Amino acid sequence: MFTHKDLTQLQAQSLKMQGFIRQQTYSPQNEKTLRRFSSWEVAELVFKVNQSTMRGRLAADPTLPQGQVEEDGRQRWYSLDEINELRRRLKFNRRSLMPYRPAGKRAIRAAIANFKGGAGKSTVALHFAHAAALDGYRVLCVDFDPQATLSHSMGLSDVAEEYTVWGIMARDLAIETGRMNRASQGAESGTALPQRRLPLSISDMGLADLRAADFVKQTNWPTIDIVPSCANAAFVEFASAQYRHMNPEWSFFAAVSRFLDQLPADAYDLVLFDCPPAIGYQSMNAVFAADVLYVPSGPGYWEYDSTTSFIGQLGEALEDLSRFSGLVPAGTMNLPKAFLDLRFLLTRFEPNNDLHRAMQQAFVKVWGDRVATHPIEMTRAVEQSGRFLSSIYEIDYRDMTRETWRRARASFDQAYEEFRDHLGVAWDQLEDEQ
């Protein structure tokens, strides 16, 4: 017989192991730190210029960041801040190194979502965030998954649940209920409508007084912030059902969208959502806030079957919520929900595996050009990055053979660049900020 006490004891044992793993992965201060990047990486993989050309530009202008030099003097190593200063100040063949960002637009929002656990949602979100940061973008990640894999990979492991998506939703409930109560006059009779009351567990927490920025935490990457998750946030699905009962007119699915609208439009360039493997209150908030939906899937039949079920049930859920049309405050969003782009991305792909190639053809036959051209390949380096809660961009290529590291990075680079190009097209379609 196992009770809650046994489960609590098992968790305590596991937390000790988590602490040991973090000691092996993080710095001596128990903080995850971002490594420096070699001049070879910066030139050829980030700026995509010849290394000798960049070396000549640095020698010609000593005011440019010079990085840290190895003891043998063969290689320079740059921080991300130094890379971004070089990006702002350098041009090659009159080509700016600054990433594309349409004028007058807010940050573009992309949700990484699917039913299937193990489809690679958190891995894709982590690598796309890091690749975008190396590309010069300012990124905000929102971790909707109570497993908190993305948050842990970003170096956040001690998070209070009130500063997760649950806190954002509870804060939104309090603010929206207050707004409704202040405006609760009958349209025709002028009589006061019944006041909606919230339990003390919500009203006494002071969440309504928090600023939107209070939910945003810094990561070990200077241009990536995150709204983190934690295991305790799992109860958001149960709590949200209770909240809807307290205020049936509350448009719960728009809570995160309203939260993001409160952030400065120019604070970030890209907002990435890592969604839980289920359609619930959190994932519906993610898809309603998203401009673009990316659906990762493994290359097997059961992953294909799960992906088919996911898009079918998501469609039904979105159709059901379209009945809120007219109840959502003006300016929040249009209903029914429409995405500017939708893509399917194969993950854990082995190009020499006949079954994987056959399933790739099946995906393309069904969904055509909605399937990303460049799948994410399964390599030894990718497996190693997952074990150490790091992306391939965080792993130093000297920790393995350069060819193994470069092959893994090339796979993510190609997938990210395709993602970025699709985002650019969608970005242009966003309405201008007022």
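Predicted model: local features only at pLDDT ≥ 70, side-chain atom pairs only at ≥ 80, totals over all residues.
User: Happy to start with the rings. How many aromatic pairs are there?
Analyst: Rings of Phe, Tyr and Trp pair if their centres lie within 6.5 Å. By this rule, the count of aromatic pairs is 24.

User: Is the pair of Phe128 and Tyr294 stacked or edge-to-face?
Analyst: The ring centres of Phe128 and Tyr294 are 6.1 Å apart, and their planes make an angle of 75°. Planes over 60 degrees apart count as edge-to-face. So the pair of Phe128 and Tyr294, at 75°, is by that cut-off edge-to-face.

User: Which helix and which strand does this pair link, and how many residues apart are Phe128 and Tyr294?
Analyst: Phe128 belongs to helix H5, residues 121–134. Tyr294 belongs to strand S11, residues 292–297. The pair therefore links distant parts of the chain, namely H5 and S11, with a separation of 166 residues.

User: Is Phe128 buried or exposed? And is Tyr294 buried or exposed?
Analyst: Buried means under 20% relative accessible area. Phe128 has 0% relative accessibility, so Phe128 counts as buried. Tyr294 has 1%, so Tyr294 too is buried.

User: What about Tyr137 and Trp427: is their pair stacked or tilted?
Analyst: Their ring centres lie 6.2 Å apart, with 50° between the planes. Planes under 30 degrees apart count as stacked and those over 60 as edge-to-face, with the rest as tilted. The pair of Tyr137 and Trp427 is therefore, by these cut-offs, tilted.

User: Where do Tyr137 and Trp427 sit, and how many residues apart are they?
Analyst: Tyr137 is in the loop between H5 and strand S7, while Trp427 is in helix H15, residues 402–429. Tyr137 is buried, with a relative accessible area of 7%, and Trp427 is buried at 3%.

User: Lastly, which helices each supply at least two residues of the lining of the largest cavity?
Analyst: The largest cavity holds about 40 Å³ of space. Its lining includes Ser283, Val287, Phe310 and Leu314, and by class it has 8 nonpolar, 2 polar and no charged residues. The helices that each supply at least two lining residues are H11 (281–289) and H12 (301–321).

How values were computed. Residues numbered from 1 in each chain as written. Heavy atoms only, no water. Phe/Tyr/Trp six-rings, centres within 6.5 Å; stacked < 30°, edge-to-face > 60°. Helix = DSSP H or I, 4+ residues; strand = E, 2+ residues; numbered from the N terminus. Buried < 20%, exposed > 50% of the residue type's maximum accessible area, 1.4 Å probe, protein only. 1 Å grid on protein atoms, 1.4 Å probe; cavity = no way out; pocket = protein on both sides within 12 Å on 5 of 7 lines; lining within 4 Å. Points joined across faces, edges and corners; volume = space filled by probe spheres on them. Nonpolar A, V, L, I, M, F, W, Y, C, P; charged D, E, K, R; others polar.
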